[in-house]
Amino acid sequence: KPATLHNILLKINSKLGGTNQMLHTSNTPSILQRPVIIMGADVTHPASDFKNTKPSIAAIVGSMDAKASQYLCEIRLQNTGQVEEMISSMEEVTKKLLIQFRNKNLGRKPEKIIFYRDGVSEGQFLIVLNQELAAIRRACVSLEEDYNPPITYIVAQKRHKTRLFPVNPKDGVGKNLNVPPGTVVDHTITHPTEFSFFLASHEGIQGTTKPTSYHLLWDDADMKPDDIIKMTYYMCHTYARCERSVSYPAPTYYAHLAAFRARVHHDALVDTNRDTRDNRARLEEEISLANYFM
């Protein structure tokens, strides 16, 4: 079928270093007009039956180009039995991605770091922020002593029960009359003191649109709330596997895909009794390819 071939070609082009889609110059957020690295991170946990035999797997991706279309990915297998959301090797991984960024951009380091974190529950916000933000800072300093770029740290959550509906049914989109893509709610039903918002960035094809909840945990880049919302919405349009906006930003989606793919590889090691330290190290190394997870 032509549609299937088209989707396969999108993935092939992306794996070969091509750009499937990019933001129009008139829509590019101002923050992307300077060297910026956009990172996404996710941790996948084993099923409860395998909690003591299979590790949690952390995936971190970082953009390498000005269009934020090419990403490098790092995978880390975390200690068995750990069901916490923290990424224990964040410093080492961030340093590797920053060095790669510098090598691919003629020696220029990112002036800002935008970090989208997936899969953190509200009760873990502070613990994750304290550990991972400090690790990112240490990675920057270890790269160069006076290198201290501003960091914007945003958590994206899909597991919530909030749904948005148009006040006037005439404003609804599609057969289910969902809210139009790009609908944002950043008051009344959000956090009373911290900046958070709901964004329905995709078109609900089936059922009711489920918006993604975003929570800003740290921002010393002094970004305006509207700029953060715009940037997040635009990042939902750069997902290389399809030509429409998706439900959450491309970097978090890629981290999720990379962690899932690594889980499949590790399951194969377990099933064939080859789950050794050397094979785990090789797995972590071999997955670190540009757009491998497509």
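Predicted model: local features only at pLDDT ≥ 70, side-chain atom pairs only at ≥ 80, totals over all residues.
Figure 1. Residues are numbered from 1 along each chain as its sequence is written, and side-chain values use heavy atoms, with hydrogens and water left out. The largest pocket has a volume of about 500 Å³, and of its 17 lining residues, Asp42, Asp118, Gly119, Val120 and Arg159 lie nearest its centre. Strand 1 (36-44), strand 5 (151-157) and helix 5 each give two or more residues to this lining; strand 1 gives the most, with three. Helices (H or I, at least four residues) and strands (E, at least two) are DSSP runs, numbered from the N terminus. A pocket is an open set of points on a 1 Å grid over the protein atoms alone, with protein on both sides within 12 Å along at least five of seven lines; a cavity is a set where a 1.4 Å probe fits but cannot get out; lining residues have an atom within 4 Å of a point. Points are joined across faces, edges and corners, and a volume is the space filled by probe spheres set on them.

**Figure 2. Thr252 sits in helix 5 (residues 250-271).** Thr252 is buried, with a relative accessible area of 0%; buried means under 20%, exposed over 50% and partly exposed in between (1.4 Å probe, protein chains only). Leaving aside residues up to four places away in sequence, Thr252 touches Gly40, Tyr116, Arg117 and Asp118, where contact means heavy atoms within 4.5 Å.

**Figure 3. Strand 8 (residues 212-219) is mostly covered, with seven of its eight residues buried.** Strand 5 pairs with strand 8 in the antiparallel sense over six bridges, and Tyr153 has Trp218 of strand 8 as its bridge partner. Strand 7 (residues 196-200) also pairs with strand 8 in the antiparallel sense, over four bridges; here Phe198 is partnered by Ser213 of strand 8. Two strands pair if DSSP finds at least two bridges between them.

**Figure 4. The structure holds one cavity of 30 Å³ or more.** The largest cavity has a volume of about 40 Å³, and Ser14, Gly18, Thr19, Asn20, Gln21, Ser69, Thr238 and Ala240 line it.
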